[in-house]
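Take a look at the sequence and the structure first, then follow each solution step by step.

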Amino acid sequence: MKIGSFHPPQRTLMGPGPSDVSPRVLEAMSRPTLGHLDPVFVAMMDEVKALLKYAFQTGNELTMPVSAPGSAGMETCFVNLVEPGDKVIICQNGVFGGRMKENVERCGGIAVMVQDEWGRAVDPQKLEDALKANRDAKIVAFVHAETSTGAVSDAKTLAEIAHRYDCLVIADAVTSLAGSPLKVGEWKIDAIYSGTQKCLSCTPGLSPVSFSDAAVERIKSRKSKVQSWFLDLNLVMGYWGGNAKRAYHHTAPINALYGLHEALVILQDEGLENAWARHRKHHLALRSGIEAMGLAFVVPEAERLPQLNAIAIPEGVDDAAVRSMLLSDWQLEIGAGLGAMAGKVWRIGLMGHACNPRNVLLCLSALEDVLVRLKAPVKRGEALAAATGSLMA
Ligand SMILES: *Cc1c(COP(=O)(O)O)cnc(C)c1O
């Protein structure tokens with residue numbers, strides 16, 4: 001058998017990521033490949049760094065995309081900042097806090113877990129109690145936007161508390177970057193990582209990161225070598241660093257970086273505050289429709305992420321059947337529950353380019369159609385009016 005070219009179907013991606021990619025980004029990625037030390041490419045890298053500083057709202061010199069997905073950005077933060085024996089307090093309120101624990105332990109560190117309810121924000125008081133009980137802790141880590149549950153935590157307050165106990169702060173902003181207010185400089189977050197496939201409207205595969213001066217100091221004064229050669233920032237900076245002559249470290253994913261550059265230009269042109277407001281506006285419209293249908297959100301209102309909507313699956317409804325009918329009949333992908341929430345929730349993403357009125361109405365129409373056909377207990381014919389009403393308000 002002769003294998004032919006691959007032509008993916010045209011889906012609408014409204015799950016937890018990847019989300020719909022802007023056609024401008026896809027077009028940028030198809031431009032001619034340059035050498036990774038070509039001066040024209042190197043100049044573009046500097047623009048990517050400047051645009052990322054804007055997206056993160058930071059002046060940090062060490063701000064760049066890691067050549068691998070969000071999980072590699074997470075690992076970059078931990079392998080560079082944690083040395084064997086270091087105590088790290090991790091606030092966990094979903095799946096991704098569990099990955100942080102894995103990272104700390106693989107670095108030879110001691111992870112102190114502060115558990116919060118899944119579907120809720122991290123409780124700052126519990127963090128403070130843990131810091132009082134662990135005066136030797138060196139780092140506090142938490143997830144700003146828990147994609148597994150749809151809850152946002154108060155990163156500013158958590159960072160403030162951590163600094164009062166002389167800890168560095170590592171925050172996961174994979175889903176929050178460009179979707180929810182995030183101010184890395186003002187909030188004094190020392191190490192932060194994100195991903196390109198959530199609210200940046202870009203393809204998966206890159207992880208923007210940023211490190212404060214205090215974090216860079218910590219990395220430079222390490223007693224032991226960073227256990228990962230690829231992610232060792234002392235080496236990566238030889239390629240991505242400031243004024244020094246760039247030296248080969250690894251071959252940058254050239255065309256993927258064209259895509260990120262374009263995505264960041266789109267974000268700059270829209271304006272960060274406008275992007276945050278757009279995510280909120282469409283979340284409110286989706287919410288009106290979901291509630292008009294008689295479905296309910298899992299996360300309490302004040303702790304909800306606009307870009308990730310966790311909806312309780314009504315009693316007796318076949319989770320997998322709904323998602324497969326949405327995919328086959330409507331070309332629409334929504335997310336399943338993850339970890340403790342598997343089978344209990346659907347996760348509807350409104351991220352980046354996918355966050356628009358058309359998708360809100362498409363998702364509500366599709367979900368209502370499928371649920372009615374499966375004879376689920378939903379109210380018919382009210383969701384669209386509620387959503388359009390909210391969009392016009
Ligand atoms: C998606 C996600 C990650 C992992 O990113 P990958 O690109 O899948 O490696 C980490 N943390 C959070 C909060 C995420 O949503």
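Buried means under 20% relative accessible area, exposed over 50%, and partly exposed in between, with a 1.4 Å probe and protein chains only. This is a predicted model, in which local features need pLDDT of at least 70, side-chain atom pairs count only at pLDDT 80 or more, and totals for chains, interfaces and linings use all residues. Residues are numbered from 1 along each chain as its sequence is written, and side-chain values use heavy atoms, leaving out hydrogens and water.

**Exercise 1.** Find which residues of helix H4 are buried.

*Solution.* Start by locating H4, which covers residues 95–106; helices are DSSP runs of H or I with at least four residues, numbered from the N terminus. Next, apply the cut-off: Val95, Phe96, Gly97, Met100, Asn103 and Val104 are buried.

**Exercise 2.** Work out which side chains make polar contacts with His250.

*Solution.* Then check its accessibility: at 11%, His250 counts as buried. Now look for polar contacts (pairs of N or O atoms within 3.5 Å; within protein, one must be able to donate a hydrogen and the other to accept it, and residues adjacent in sequence count only if both atoms are side-chain atoms). The side chain of Ser67 is joined to that of His250 at 2.7 Å, and the side chain of His249 at 2.8 Å.

How values were computed: Helices (H or I, at least four residues) and strands (E, at least two) are DSSP runs, numbered from the N terminus. The expected span of a helix is 1.5 Å times one less than its number of residues.
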